[in-house]
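Q: I'm new to this one. Can you walk me through it?
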Amino acid sequence: MSAPVLPLNSRGKLASSLPAEQLAEIKELFDFRRVGYSLDAPFYTDPTIFNIDMQAIFGQHWIFAGSIAELPEPGDYITVDYGPYSLIVLRNDDGGVNVLHNVCRHRGARVLTEPAGSTGNLVCGYHSWTYSPEGNLIHASAPGETKFDKGCFGLKRAHSRVVAGLIFVCIANEPPADFDETAKIFEPYLAPHDLSKTKIAYQQNIVEEGNWKLVMENNRECYHCDGHPELACSLFPTWGLTEGLIPAHLEEVWDRNKQAQSSLEERCRRYGLPYEVVEELDTRVAGIRISRESLDGEGESFSPDGRRLSKKLLGDLRDFRLGRCSMHLQPNSWFHFQGDHVITFAVFPVNEHQTLVRTTWLVADDAEEGVDYDLEKLTYTWKQTNLQDKAFVELCQTGAGSPAYEPGPYMKSEYQVEAFINWYVQRVQEHLA
Ligand code: FES
Ligand SMILES: [Fe+2]
């Protein structure tokens with residue numbers, strides 16, 4: 001656990017400062033949410049609900065910020081912005097991570113303005129107040145006659161956790177305790193891929209013109225996967241379906257999938273790798289779904305023929321044919337861990353109608369571009385898929401803005417979307433109670 005967190009004292013009180021009538025209206029929207037249906041339009045379009053999301057979800061929960069591969073050396077940092085927040089995530093000398101609010105304690109300037117870099121002490125660009133990597137104010141230049149206790153003006157800290165090389169941050173005073181349980185679930189699946197021995201092959205930032213919940217909803221179903229021809233080469237188009245739901249034209253694929261899955265499971269048993277589906281999307285505060293699933297073709301990676309996209313195996317793995325270990329973590333991330341590379345996806349809300357989606361491709365740290373992997377080929381499937389998903393999300397955002405929009409029913413194969421929305425509604429209701 002990181003050092004004590006200084007309470008946020010000026011923001012984060014929005015729900016209680018809303019006029020009683022408006023708060024009652026908003027509570028009603030949550031209370032009368034129709035189960036099994038998409039949300040009412042204001043959930044996707046209303047700035048007040050966005051502010052509540054920032055408080056109740058992004059202000060309270062563990063957020064995926066990035067992986068340890070993004071901060072390989074002490075002093076390396078990334079800045080992570082979502083909603084009104086900007087955080088500095090900095091690798092410290094002990095190999096751990098410090099998380100600091102990127103808000104100068106003098107007059108509030110952003111202290112670090114680059115998305116990533118390396119630094120010793122942190123120097124604010126406005127009047128050069130200087131902070132240690134732990135956030136302590138160590139120098140205020142020419143303070144003149146003003147006397148103040150530097151000890152009271154350190155950068156505000158937030159909580160951090162690194163699990164299996166994934167970095168999580170939480171800005172709440174009291175982070176949700178059940179993250180420990182969630183971490184115990186996913187660590188054994190991910191640890192063998194050893195993210196501490198990976199490097200970034202490529203990182204992509206896309207701003208989607210859509211509310212963050214639409215981005216997450218879109219990722220929780222494959223009902224739309226006909227719109228992903230590149231992904232369809234490796235992902236069986238029966239994802240989310242069960243025995244009774246298979247249409248005639250997919251029966252052959254279903255059989256191929258079943259066979260591939262059982263030989264994948266046999267390999268996992270041989271290597272002692274967990275593969276079972278754990279699905280607790282709306283039955284715990286730190287909601288999770290994780291499993292290891294087969295890929296089509298050779299079953300090694302997200303390529304047109306299913307073959308490996310990088311020649312170097314990750315971590316302790318002994319076989320490329322390990323399909324994809326896929327994890328979805330509420331509220332803002334999903335991941336695919338293959339034998340040859342890992343893809344992390346982080347969702348950072350900008351405002352009620354814009355969301356940054358950050359995709360990072362990681363390969364073994366000794367893999368050489370052009371020798372062990374071809375960057376275009378490595379990133380092709382998910383670059384295409386991301387663009388297609390962006391378009392789908394944007395279609396829905398446009399629709400939510402129309403007076404003709406009303407919530408529609410989720411299909412059976414969209415049960416994980418319902419679980420995500422159910423989780424979201426529960427969390428906000430708890431916060432507003
Ligand atoms: S605002 Fe940072 S030093 Fe003045
Ligand atoms: Fe998609």
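A: Let's start with a term: two strands pair if DSSP finds at least two bridges between them. Strand β14 (residues 324–329) and β15 pair in the antiparallel sense, over five bridges. One caution before we go on: this is a predicted model.

Q: Which residue of β15 is the bridge partner of Met327?
A: Phe335 is the bridge partner of Met327.

Q: How many residues are in the hairpin that joins β14 to β15?
A: Three residues link β14 to β15 in that hairpin.

Q: Where is Pro331?
A: Pro331 sits in the loop between β14 and β15. A cis peptide bond joins Gln330 to Pro331, with omega at about 5°.

Q: What about the next strand, β16? How many bridges join β15 to it?
A: Five bridges join β15 to β16 (residues 341–351), and the two run antiparallel. Trp334 stands opposite Phe345 of β16. A hairpin through three residues joins β15 to β16.

Q: Is β15 (residues 333–337) buried or exposed?
A: Five of its five residues are buried, so β15 is largely enclosed by the rest of the structure.

Q: Which residues are on each side of β15?
A: Ser333, Phe335 and Phe337 are on one side. Trp334 and His336 are on the other. Both faces are covered, and these residues are all buried. As a general point, side chains in a regular strand alternate between the two faces of the sheet.

Q: Switching topic. What is the order of strands in the open sheet?
A: The order is β1-β10-β9-β4-β3-β2-β5. That is seven strands, with antiparallel pairing.

Q: Which are the edge strands?
A: The edges are β1 (63–67) and β5 (116–118). Each pairs on one side only. From one strand to the next, the twist averages 30°.

Q: What joins β9 to β10?
A: Strand β9 (residues 157–163) and strand β10 (residues 166–170) run antiparallel, joined by five bridges. Arg161 stands opposite Phe168 in β10.

Q: Which helix lies across β9 and β10?
A: That is helix α5 (residues 179–190). It runs at about 35° to β9.

Q: Where are His224 and Asp389 in the chain?
A: His224 is in the loop between α6 and α7 (229–232). Asp389 is in helix α9 (residues 375–400). They are 165 residues apart, so the pair links distant parts of the chain.

Q: Are His224 and Asp389 buried or exposed?
A: Both are buried.

Q: You mentioned α6. At what angle do α6 and α10 pack?
A: Helix α6 (residues 212–219) and helix α10 (residues 415–432) pack at about 145°. Their axes are 8 Å apart. The crossing is right-handed.

Q: Which residues make the contact?
A: From α6, they are Trp212, Lys213, Met216 and Glu217. From α10, they are Val417, Phe420, Ile421 and Tyr424. Six of the contact residues are nonpolar, none is polar and two are charged.

Q: Now some loops. What is the phi of Ser128?
A: Phi of Ser128 is about 65°, a positive value although Ser128 is not a glycine. Ser128 is in the loop between β6 (122–123) and β7 (130–131). At 34% relative accessibility, Ser128 counts as partly exposed.

Q: And what is the phi of Asp194?
A: It is near 40°, again positive in a residue other than glycine. Asp194 lies in the loop between α5 and β11 (198–208). At 18% relative accessibility, Asp194 counts as buried, because the cut-off is under 20%.

Q: Last one. Where does Leu235 lie?
A: Leu235 lies in the loop between α7 and α8 (251–271). Leu235 is buried, with a relative accessible area of 10%.

Q: Which residues does Leu235 touch?
A: Leaving out residues up to four places away in sequence, Leu235 touches Cys222, Leu295, Phe302 and Arg324. The C-alpha atoms of Leu235 and Asp40 are separated by 32 Å. Those two residues are 195 residues apart along the chain.

Note on methods: Residues are numbered from 1 along each chain as its sequence is written. Chains are lettered from A and ligands numbered from 1 in the order in which they are written. This is a predicted model: local features need pLDDT of at least 70, side-chain atom pairs count only at pLDDT 80 or more; totals for chains, interfaces and linings use all residues. Side-chain values use heavy atoms; hydrogens and water are left out. Axes are lines fitted to C-alpha atoms, for helices over the stretch in contact, and angles run from 0 to 180 degrees between N-to-C directions. Helices (H or I, at least four residues) and strands (E, at least two) are DSSP runs, numbered from the N terminus. A crossing is left-handed if the near helix is turned anticlockwise from the far one by less than a right angle, and right-handed if clockwise. Contact means heavy atoms within 4.5 Å. Ala, Val, Leu, Ile, Met, Phe, Trp, Tyr, Cys and Pro count as nonpolar, Asp, Glu, Lys and Arg as charged, and the others, Gly among them, as polar. Buried means under 20% relative accessible area, exposed over 50%, partly exposed in between (1.4 Å probe, protein chains only).
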